[in-house]
Amino acid sequence: MEPMRILVVEDDPRLGPSLKKGLEASHYAVDLVADGEDAVAMALAVDYDLIILDLLLPRLNGFDVCRQLRDQRRTMPILLLTALGEVDHRVQGLDSGADDYLTKPFAFRELEARVRALLRREGPSKSPELRFMDVVLDTRTHEVRRGTRRIQLSSKEYALLDLLMRHPRQVLSRATIADHVWDYDTDNMSNVIDVYIRYLRRKLCEGGEVDIIHTVRGSGYMLREPLE
């Protein structure tokens with residue numbers, strides 16, 4: 001399942017929070033841990049869409065984290081971050097099960113582009129644009145249009161629409177939505193989700209268009225063509 005859930009594993013007290021803040025500004029839900037053992041525990045407990053993993057970590061290094069997760073059949077993409085630029089380390093990281101490698105220092109824009117590419121590779125669509133009926137969501141620019149009308153969405157509204165558009169005609173439970181759009185430590189999400197669905201519906205239908213978000217009573221929500 002593609003966005004919005006990312007685990008950042010970074011023990012640098014400035015870089016870790018900075019990556020979390022930057023990725024959250026790009027509409028991802030982000031958890032941050034600072035050592036390898038916590039990373040394994042979190043990644044086994046939560047269905048993350050992607051892990052950004054530093055190599056030099058306390059308790060368990062990034063190579064071992066990768067190997068343990070792959071041994072446990074966790075298949076989410078892993079992007080390694082490290083100050084170690086030597087070819088041997090890159091090869092060792094990829095052989096441990098990582099999908100991509102970024103050497104510090106790096107530009108945040110490049111990290112974002114690699115994250116998007118890894119998530120596209122995992123998802124059903126290789127295109128950076130998601131489309132459903134007359135709604136288009138551009139994952140590069142975060143622009144949303146319905147027909148010719150551009151729609152301004154908040155960060156959570158965007159993340160919610162992104163999730164729905166990646167799983168059209170599928171019922172998404174409130175638990176699934178909470179997992180992928182809100183952070184790991186968010187509780188009592190049901191009412192909040194209902195409120196954001198209302199916000200999103202209102203914006204998508206502002207021009208008098210048909211409603212494409214359907215409530216499935218007792219189950220959740222789905223993106224679907226209107227019934228005749």
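Visitor: Which residues of helix H1 are buried?
Guide: This is a predicted model. In H1, residues 15-25, the buried ones are Gly16, Leu19, Gly22 and Leu23.

Visitor: What arc do they cover around the axis?
Guide: Only 135°, which puts them on the same side of H1.

Visitor: And which exposed residues sit on the face turned away from that buried side?
Guide: Lys21 and Ala25.

Visitor: What touches Phe108, leaving out residues up to four places away in sequence?
Guide: Leu19, Gly22 and Leu23. Those three are also among the buried residues of H1. Phe108 itself lies in helix H5.

Visitor: How accessible is Phe108?
Guide: Its relative accessibility is 27%, so Phe108 counts as partly exposed.

Visitor: How far is Phe108 from Gly220?
Guide: Their C-alpha atoms are separated by 35 Å. Along the chain they are 112 residues apart.

Visitor: Back to H1. What follows it?
Guide: His27, with a positive phi near 80°.

Visitor: Where is Arg59, and what is its phi?
Guide: Arg59 lies in the loop between strand E3 (50-54) and helix H3 (62-71). Its phi is positive, near 70°.

Visitor: Is Arg59 buried or exposed?
Guide: Exposed, at a relative accessible area of 51%. The cut-off for exposed is over 50%.

Visitor: What about Met133: where is it, and what is its phi?
Guide: Met133 is in the loop between strands E6 (129-132) and E7 (135-138). Its phi is near 50°, again a positive value in a residue other than glycine. Met133 has a relative accessible area of 46%, so it is partly exposed.

Visitor: Now peptide bonds. Which residues does a cis bond join?
Guide: Lys104 and Pro105, with omega about -5°. Most peptide bonds are trans. Pro105 sits in the loop between strand E5 (100-103) and helix H5 (108-122).

Visitor: How far apart are Arg114 and Tyr196?
Guide: They are 29 Å apart in space, C-alpha to C-alpha. In sequence the pair is 82 residues apart.

Visitor: Zooming out. How many helices and strands in the protein chain?
Guide: Eight helices and 12 strands. The radius of gyration is 18 Å, close to the 17 Å that the globule rule gives for 228 residues, so the chain is as compact as a globular protein of that length.

Visitor: What does the C-alpha trace span along its principal axes?
Guide: About 60 × 35 × 30 Å.

Visitor: What share of the residues is buried?
Guide: Buried residues make up 47% of the 228.

Visitor: What about the surface and the charges?
Guide: The accessible surface is about 11200 Å², and 48% of it belongs to carbon and sulfur atoms. The chain has 33 positive and 38 negative side chains. The centres of those two sets lie 5 Å apart.

Conventions: Residues numbered from 1 in each chain as written. Heavy atoms only, no water. Helix = DSSP H or I, 4+ residues; strand = E, 2+ residues; numbered from the N terminus. Rg over C-alpha atoms; globule rule 2.2 N^0.38 Å. Buried < 20%, exposed > 50% of the residue type's maximum accessible area, 1.4 Å probe, protein only. Areas by Shrake-Rupley, 256 points an atom, 1.4 Å probe, with all protein chains shown as cover. Lys, Arg positive; Asp, Glu negative; His and termini not counted. Charge placed at Lys NZ, Arg CZ, Asp CG, Glu CD. Arc of directions from axis to C-beta. Contact = heavy atoms within 4.5 Å.
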